[in-house]
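Colleague: I have a few labels I would like to understand. Can we go through them one by one?

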Amino acid sequence: MVGTSLMVEVVRSSILQCFCRACHASAIEKPRPSPPTQGIANTQPNKMVRLATEVRATEQSKGGMKYELVLADPADVAPPCLASSPPKTSMSVEDIENKLKAAEERRQSLEAQKLNQLNEKRSKELEALQKKEEYNAVFKQAARNSLEQKMEANKENREAIIKSIQEKSRERLSRGEEIRKSLDAQTQEILTNIQKKIESATEAREAQISALRERLREHDKRISEVRQQMSAQVDDLRDRCQKKLELAQEKRDGIFKVLQEKLQEHKQHVLQVRQINEIINQENEHKKDCISKKLEEAENKRQRQLQAILEKLQEHERHAEEVRLNKAQNITGVTSG
């Protein structure tokens, strides 16, 4: 008990002290005399008497609202003394039996009360059930009467509706007969009009067919004339292409001769350069090496140039051959068309 009271006092002191722990409530122990009991020792914990302290702290929330927190000890009011526990007395067998008998009597009286409550509830349920049956019988009778009245009224309404429907059907049949006769007359008139239109359309179609035949004859004549003109143009074009091909062949031969002459001159020049190089090599061995390297580079360059020229000539000949073949194909296509 003393340990628990000390723990309670420590918790209270920790709650009452300031957040910064600068202010601490001092405690002074003052033992209180315990009230006398009937021959039983009452061990009550010693109460702590605290000095009145008050801590104020001002805080401001995020929304701008300011509030003041006050932590203080309670007023010096002595708590009321708790009643002491009753003394423990030893009980005899007779007391226990008396208590058991009293408990049994209480249990029996409770069971009797519950049975009475159940009987009352059952009687109320029976009365409610009887009232419900009476109410259902009255309701069924009223519903039967109202249903019979409604059936009679529905029967009368049905007969009236049937009569009106029969009259409307007779009127519709007579009107349908009149409409059918008028439709037959209209269809006969439409058939005669269609027959006349078909006859006029056949006459117009025959006239159009005859006109189209005349146009086809004129078109055939025009095609024959155009074909003759095209054949003459094709012959003229063929002659021109042949002349152009001959001129291109002559130009190619001339270019090839010029290139061969240039190659011969280049070879002679190379021989002369080689002779000069031999003379120079006799004079200076170092210059000979340099010149020989240059000659080799020049020879390689010449070979590359000659190779490029020959490739161009071959490509030119291939292109001229393709042009000649294309023109020949065009001429054959025009003649065949």
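Modeller: Here is how some labels on this predicted model come about.

Colleague: What makes Glu111 and Arg107 a salt bridge?

Modeller: Their side chains meet at 2.7 Å, N to O. The cut-off is within 4 Å, so the pair counts as a salt bridge.

Colleague: How do you know how far apart Glu111 and Arg107 are along helix α2?

Modeller: They are 4 residues apart, so about one helical turn separates them.

Colleague: Why is Glu111 called partly exposed?

Modeller: Its relative accessibility is 42%. Buried means under 20% and exposed means over 50%, so Glu111 falls in between. Arg107, with 36%, is partly exposed too.

Colleague: Which residues are joined with Glu111 into one network?

Modeller: Salt bridges that share partners join Glu104, Arg107 and Glu111.

Colleague: What makes Asp253 and Arg252 a salt bridge?

Modeller: The N to O distance is 3.9 Å. That is within 4 Å, so the label applies. By this rule the count comes to 11 salt bridges.

Colleague: Which residues form the negative surface patch?

Modeller: Glu148, Glu152, Glu156 and Glu159 form it. Glu counts as negative, so the patch is called negative.

Colleague: What makes the patch with Ile198 nonpolar?

Modeller: Ile190, Leu191, Ile194 and Ile198 make this patch of about 360 Å².

Key: Residues are numbered from 1 along each chain as its sequence is written. This is a predicted model: local features need pLDDT of at least 70, side-chain atom pairs count only at pLDDT 80 or more; totals for chains, interfaces and linings use all residues. Side-chain values use heavy atoms; hydrogens and water are left out. Patches are made of residues with over 30% relative accessible area and no salt bridge: like charges are joined within 9 Å, nonpolar side chains (Val, Leu, Ile, Met, Phe, Trp, Tyr) within 5 Å. Accessible areas come from the Shrake-Rupley method with a 1.4 Å probe; for residues, only the protein chains shown count as cover. The place of a charge is taken as NZ of Lys, CZ of Arg, CG of Asp or CD of Glu. Helices (H or I, at least four residues) and strands (E, at least two) are DSSP runs, numbered from the N terminus. Buried means under 20% relative accessible area, exposed over 50%, partly exposed in between (1.4 Å probe, protein chains only).
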